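Here is a short briefing on one protein model. Read it with the sequence and the coordinates open.

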Amino acid sequence: MAATPQNPAASAPRRKVSRHRGEGQWAVGHFTPLNGNEQFKKDDDGLNVRTRIETIYSKRGFDSIDPNDLRGRMRWWGLYTQRKPGIDGGKTAILEPEELDDEYFMLRVRIDGGALTTAQLRVIGEISQEFARGTADITDRQNVQYHWIRIEDVPEIWDRLEGVGLSTITSCGDTPRVMIGSPVAGIAEDEIIDATPALEEMKRRVLNNKAYSNLPRKFKTAISGSPLLDVVHEINDVAFVGVRHPEHGPGFDVWVGGGLSTNPKLGVRLGAWVPIDEVPDVYEGVISIFRDYGYRRLRNRARLKFLVADWGAEKFRRVLEEEYLKRELTDGPAPEQPVQQWRDHVGVHRQKDGRFYVGFAPRVGRVDGATLTKVADLAEAHGSGRVRTTVEQKMIILDVEQDKVDSLVQGLEALDLTARPSSFRRGTMACTGIEFCKLAIVETKQRGSTLIDELERRLPDFDEPITINLNGCPNACARIQVADIGLKGQLVLDDRGEQVEGYQVHLGGALGLEPGFGRKVRGLKVTAQELPDYIERVLKRFQAEREDGERFATWAARASEEALS
């Protein structure tokens, strides 16, 4: 066709037309994988890797594992390769994955709501001793993590766990992770509502369900009917918090879009009250929004918190109601602020049936299989068949008769599992750290344990609630931004100009009571060796300057940079 004034496009050069790929949201038609993670998930659902583990990899060994399974799909069944020993933190971001990978795995046991029978705990302990060189860390999401797991042993471990009703399914990966819940659900005297039936139905609907096994990234869930706000609801993708509606009675307030890592955001309220029998429907609606509208183009924006930040609570609730629930939600009240700072259930507490539960504190979540089997034996010897894990890396024994409490407490003390811990033992948490984690830069577990001892020695009379969280890298697995003293591992220069392990310091973070992120003092970095001196100095200044009844977080927000240095 010849060019004419009526058809100027005929003479113009042709432009290549490409469809805008957006953020890879399925709900707007963007199904083409935009990165390697999305591609391997499209190629084969992560849940399917179990068959290959059982029939091929466990028989042929580590070298037979397909790379997309090794560093991708095996996470759907709780398996991560652990860090090869001897690689220092300076090489974490430099080496290729295959250079960091050891031929052993971390294996995460999923413990929804932290609920275990003593029989289950004993099996966890026995597996630890037989297959994991004694390792069995309690995480801040109520799970147990093994290390030194051989691929050859995984099928046998699964058989034993599943034989007592436990699993590792979707405890990692782009999936609905463990659902954390109040460890005293159904037994606490002050409970607003027992969330257990809702949690069980949520599990039934989404676990091992391929409708929810390919999410943009991980999806974290919390539910609790406790007035103590004991499940860190502000930093989960979705959370259900017990409240009393003035007209409808006990139910749940809905929060969405919380999360930490390198771009922390606190969850927001939808302003909706949900009765317990409707919680699973709302949960499925929220997780489906994430699946369909979540950002899949860039991994660092593939969490629900970014969608919520862009949409806002009002639009999120409208989409949930109109597209997924097909009905309106009931407006409801916000949860009341808890009356106490400690929300870990440590100590001796009366249950609503007149018996007692006893919460106790391992050191930074580090226990071993032999200790766990002894805890199971100790609980049964004192009439209990139930134990719980908490989101502060602690444990609880339930259902103890009053006349057996003192004996149980003494038995725990003999295992170095005190029910009467110092503020430092009670409030210090640590992530896995460089010992096993491929992302870590510094050591955490042993340093946290040593720090507890040193602070107890230096400040024996300090009895204020204080949280000290150590993290081996910037990813905040130990919740550094919401601790009184949050310590983010990095390499720093010492006074001789040499590069050593150290921490960037965050001060005054909090959850529950006036939630917010900790303050970073300009240029404040502390070497690992200086850490006890620094914390002692800051806590003494807090004691000297605090107003009557003032919390550390409140003081840190108003203190001078000099006082915090």
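**Sheet, helix pair and cores**

Strands E19 and E20 run antiparallel and are joined by five bridges. The model is a predicted one.

**The five-stranded sheet**

- The sheet is open, its pairing is mixed, and its strand order is E16-E17-E18-E19-E20.
- E16 (428–430) and E20 (519–527) are the edge strands; each has a single partner strand, so one side of each lacks a neighbour in the sheet.
- On average, neighbouring strands are turned by 25 degrees against each other, direction ignored.
- Tyr 503 has Val 526 as its bridge partner in E20.

**Strand E18 and its partners**

- E18 covers residues 485–493, and seven of its nine residues are buried, so the rest of the structure largely encloses this strand.
- E17 (residues 468–471) runs parallel to E18, with four bridges between them.
- E19 (residues 499–507) pairs with E18 in the antiparallel sense, over nine bridges.
- Lys 488 takes part in both pairings: Lys 488 is the bridge partner of Asn 471, and Gln 504 in E19 is the bridge partner of Lys 488.
- The hairpin of E18 and E19 has five residues between the strands, and Gly 497 there takes a positive phi near 80 degrees.

**Helices**

- H14 (residues 445–458) lies across E16, E17 and E19, and runs at about 155 degrees to E17.
- The axes of H5 (residues 118–131) and H11 (residues 369–381) come within 7 Å and cross at roughly 160 degrees.
- Angles over 145 degrees count as roughly antiparallel, which means H5 is roughly antiparallel to H11.
- The H5 and H11 crossing is left-handed.
- Residues making this contact include Leu 121, Ile 124, Gly 125 and Ser 128 of H5, and Leu 372, Val 375, Ala 376 and Ala 379 of H11.

**Nonpolar cores**

- The largest nonpolar core has 94 residues, and Tyr 146 and Phe 240 have the most contacts inside it.
- Helix H8 (residues 279–293) gives the largest share of this core, eight residues.
- Beyond its neighbours within four places in sequence, Tyr 146 is in contact with residues including Phe 105, Leu 107, Val 123, Ile 124, Ile 127 and Ala 136.
- A second, separate core has 34 residues, among them Leu 455, Tyr 534, Val 538 and Ala 556.
- In soluble globular proteins, nonpolar side chains tend to be buried together.

Key. Residues numbered from 1 in each chain as written. Predicted model: local features only at pLDDT ≥ 70, side-chain atom pairs only at ≥ 80, totals over all residues. Heavy atoms only, no water. Buried < 20%, exposed > 50% of the residue type's maximum accessible area, 1.4 Å probe, protein only. Helix = DSSP H or I, 4+ residues; strand = E, 2+ residues; numbered from the N terminus. Pairing = 2+ DSSP bridges. Core = buried A, V, L, I, M, F, W, Y, C linked by side-chain atoms within 4.5 Å. Contact = heavy atoms within 4.5 Å. Axes fitted to C-alpha atoms, helices over the stretch in contact; angles between N-to-C directions. Parallel < 35°, antiparallel > 145°, perpendicular 65-115°, else oblique. Left-handed = near helix turned anticlockwise from the far one by under 90°.
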